[in-house]
Amino acid sequence: MTMSNTGGRRRPPTIHDVAREAGVSRGTVSRVLNGGHYVSPAAEEAVNAAIRKTGYVVNRHARSLITGRSDSVGFLLTEPQERFFEDPNFNVLLRGCTQALAAHDVPLLLMLAGTKDERRRITRYITAGHVDGVLLVSSHSGDPVAEELRAAGVPLVACGKPIGLGSKVSYVAADDRDGAREMVRHLLSLGRRRVGMVTGPLDTPGGVERLAGYKEELAEAGVAFDERLVVSGDYSRASGEAGAERLLARAPDVDAVFVASDLMAQGVLATLQRAGRRVPEDVAVGGFDDSPAAVAAGPQLTTIRQPWDRISAEMVRVLLAQIGGEDPAAVILPTELVRRASA
């Protein structure tokens, strides 16, 4: 801190103090603060050292007036608010994105838009320039948010490939199809042949890709696909319970179930227990995500691990690059089978 000339009180250090400490011009300090363009490495190092020494903190409001940027990013969840609190995946992803952005001194704004009116208000807020870019989570086909933001030129990275937008929007995703195939392959390796599935929502990329992987692995193993063995869910625990009830009614001889999320798998386990089916002796159960729900289940779930830390870090990296002027990019990350007691 620097002493003022009145009353000996300390005043916050200014950009002039940083320039004087670094031995450079105020303009050089300003260029470093705004990305380091046209600044020599030596000058940039001197400025950063002076910032640390003086304790200078950027006035974000003043800088936003100059750069036209808000210096913040939105985390947009287009799901009902209760889903944010129920599904542990959203919290894990939010925490990872917050930590990754903190390394760049960029705050993250949580935005929940589960209804049409909420999505309209949030879209209006975003396109007015209140955030520099958006991390979009849980995009459904027919949901106009991604297309509207893209058309407005807002930097955007989706978690999972948005259905219908192809290469127009950046996205980061786990390899849902390959992960599903690995789980079904594991269940078949246990000698199970009546392998059912509780899918995710089939208007989401994860729902579509995991079902495709299930079908492909059955075909690869020479096991005929039986549509009675597939029921749909919405990633909630309740839909897992209801899905398992439908599955048992349709195919009482089912001996394994691949469930497209760990939270739904908790519901499947509850239904199987009520029906007197032992897991894994009578019915093996495999989940997807390796979320906290997997180890909270009884028995603990064999599941497919999504690399949440890498997903969040890559979403932030791709978004900041896009804010900096780079073209849209797609990143697909590998999954991993985690074996526990349920299968």
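Is R120 buried, partly exposed or exposed?

Mentor: Keep in mind that this is a predicted model. R120 comes out as partly exposed, since its relative accessible area is 45%, and the cut-off for exposed is over 50%. Its salt-bridge partner is D117, with 2.3 Å from N to O. D117 is partly exposed too, at 39% relative accessibility. Both residues sit in helix 7 (residues 116-130), three residues apart, or about one turn of the helix.

Now try helix 8 (residues 145-151), where E147 and R150 are also three residues apart, so about one helical turn separates them. Their side chains form a salt bridge at 2.9 Å, N to O. E147 has a relative accessible area of 30%, which makes it partly exposed, and R150 is partly exposed at 31%.

For another pair, go to R278 and D282, whose side chains meet in a salt bridge at 3.0 Å, N to O. R278 is partly exposed with a relative accessible area of 49%, and D282 gets the label partly exposed at 26%. Elsewhere, salt bridges with shared partners tie R177, R181, R185, E209, E216, E217 and E220 into one network. The whole count is 22 salt bridges.

While you have the model open, have a look at the cysteines. Searching the whole structure turns up zero disulfides. C97 is in none, as the nearest cysteine sulfur, in C159, is 7.9 Å away. That gap is too far for a bond, because a disulfide needs the two sulfur atoms within 2.5 Å. C97 is also buried, with a relative accessible area of 0%.

C159 leads you to the second largest pocket, which has 28 lining residues; F90, S138, C159, R210 and Y235 lie nearest its centre. Helix 6 (88-102), strand 7 and helix 10 (205-220) are the elements that each give two or more residues to that lining. The space in this pocket is about 440 Å³.

I163 is in the loop between strand 6 (156-159) and strand 7 (170-174), and I163 is partly exposed at a relative accessible area of 38%.

Definitions and conventions: Residues numbered from 1 in each chain as written. Predicted model: local features only at pLDDT ≥ 70, side-chain atom pairs only at ≥ 80, totals over all residues. Heavy atoms only, no water. Helix = DSSP H or I, 4+ residues; strand = E, 2+ residues; numbered from the N terminus. Buried < 20%, exposed > 50% of the residue type's maximum accessible area, 1.4 Å probe, protein only. 1 Å grid on protein atoms, 1.4 Å probe; cavity = no way out; pocket = protein on both sides within 12 Å on 5 of 7 lines; lining within 4 Å. Points joined across faces, edges and corners; volume = space filled by probe spheres on them. Salt bridge = Lys/Arg side-chain N within 4 Å of Asp/Glu carboxyl O.
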